[in-house]
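Me: Here is a structure that I would like to go through by question and answer, with the cut-offs stated as we go.

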Amino acid sequence: MRASDHVWFDGRIVEREQASPSVASNCLHLGIAVFDGMMAYRNGDRWNVHRETEHLERFVAGASRMDLDARWSVEQLSRGAHDLLATLPPRTHYLRPIAYRCAPEVLFDTDNATPSVCMFAIEAARDLDTPLSCQLSPVQRVSHRAIPVTWKVSGAYANSCHAETEARRAGFDTGLLLDDRGLVAETSTSNVFFVRHGRLLTPRLTGDIFPGITRQVVIEQALRDGIAVEERDIDPSHLEAFNAAFLCGTLSEIRPLSCVGPHAYASAADPTVRGVIDRFRALTHA
Ligand code: PMP
């Protein structure tokens, strides 16, 4: 997935590499950066930046908690996103804001280095329909006691990358991580839902479950349509009792799972999963 040639960088549209940090920046050495991701759906002749304010508020809050306080407000970032979109072909894009320090300060001493914010785009042509195979990951979800999951700190995503690599090596598309109590948490960048007898089940929001915006949208839409949703602890031993499963997240949207390890699910044909996908597409393409 290739980033756009132009980016929004500290208030201006510039060529992408003008936003490059120093090779000695702590964003590279320590993963000290905070990011978010949001979809700009192109519908007819306009953009629908899905849940834009929530994404940008989450980004600004995480950056501030990580001492990468952005000089930019949510309103300014929103204007930046639309300035960036104006440079792009009229197709659906994934937008990635990220806060980091460019200065050659390898360690934690950041007093002299003002954080920067860059926002770039990736054209979002992707397969959303083929079900993904999923293994029960041997990699444990990094605990929120080690680093709060809601801040979206770049360095913490080495955990996600490790889980994805292990899954691919084992012949699966992705991996489902357990938390430090051995309960189902989520995949590397998506929340997970299961279906049983037409009801939706998803891990309840402990500190180790990322409170995804897509997860919230799925719950709101299901409840509006009279579909029961249960947020609860899910033990791996429960997996065999489920009829279907899907991932949800900004980039993956709603993606059926064909299995979790040895448990096969006919998720793509499941009417409850189909309903979730159709409702989500109707919302984002409105
Ligand atoms: N879990 C993790 C670990 C994530 O990084 C993401 C993506 N931000 C999600 C779940 C899904 O969150 P959202 O729906 O807000 O994209």
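Reply: Buried means under 20% relative accessible area, exposed over 50%, and partly exposed in between, with a 1.4 Å probe and protein chains only. Helices (H or I, at least four residues) and strands (E, at least two) are DSSP runs, numbered from the N terminus. This is a predicted model, in which local features need pLDDT of at least 70 and side-chain atom pairs count only at pLDDT 80 or more, while totals for chains, interfaces and linings use all residues. Residues are numbered from 1 along each chain as its sequence is written, and side-chain values use heavy atoms, with hydrogens and water left out.

Me: Which residues of H6 are buried?
Reply: Helix H6 covers residues 271-284 and reaches 20 Å from its first C-alpha to its last, close to the 20 Å expected at 1.5 Å a residue, where the expected span is 1.5 Å times one less than the number of residues. The buried residues of H6 are Thr272, Val273, Gly275, Val276, Ile277, Arg279, Phe280 and Thr284.

Me: What is the N to O distance in the salt bridge between Asp129 and Arg281?
Reply: A salt bridge is a side-chain nitrogen of Lys or Arg within 4 Å of a carboxyl oxygen of Asp or Glu. Asp129 forms one with Arg281; Asp129 lies in the loop between S7 and S8 and Arg281 in helix H6, so the pair ties together parts that are 152 residues apart in sequence. Asp129 is partly exposed at 44% relative accessibility, and Arg281 is partly exposed at 24%. The closest N and O atoms of this pair are separated by 2.9 Å.

Me: Is Glu164 buried or exposed?
Reply: Glu164 meets Arg168 in a salt bridge of 3.1 Å, N to O, and both residues lie in helix H4, four residues apart, about one turn of the helix. Arg168 counts as exposed because its relative accessibility is 55%. For Glu164 the relative accessibility is 15%, so this residue counts as buried.

Me: How many disulfides does a search of the whole structure find?
Reply: A disulfide is a pair of cysteine sulfur atoms within 2.5 Å. The sulfur of Cys27 has its closest cysteine sulfur in Cys102, at 7.0 Å, which is too far for a bond, and Cys27 is itself buried, with a relative accessible area of 16%. The number of disulfides found over the whole structure is zero.

Me: Which side chain does Ser116 join in a polar contact?
Reply: Ser116 is placed in strand S7 and counts as buried, because its relative accessibility is 7%. The contact spans 2.8 Å, and the partner side chain is that of Asp10.

Note on methods: A polar contact is a pair of N or O atoms within 3.5 Å; within protein, one must be able to donate a hydrogen and the other to accept it, and residues adjacent in sequence count only if both atoms are side-chain atoms.
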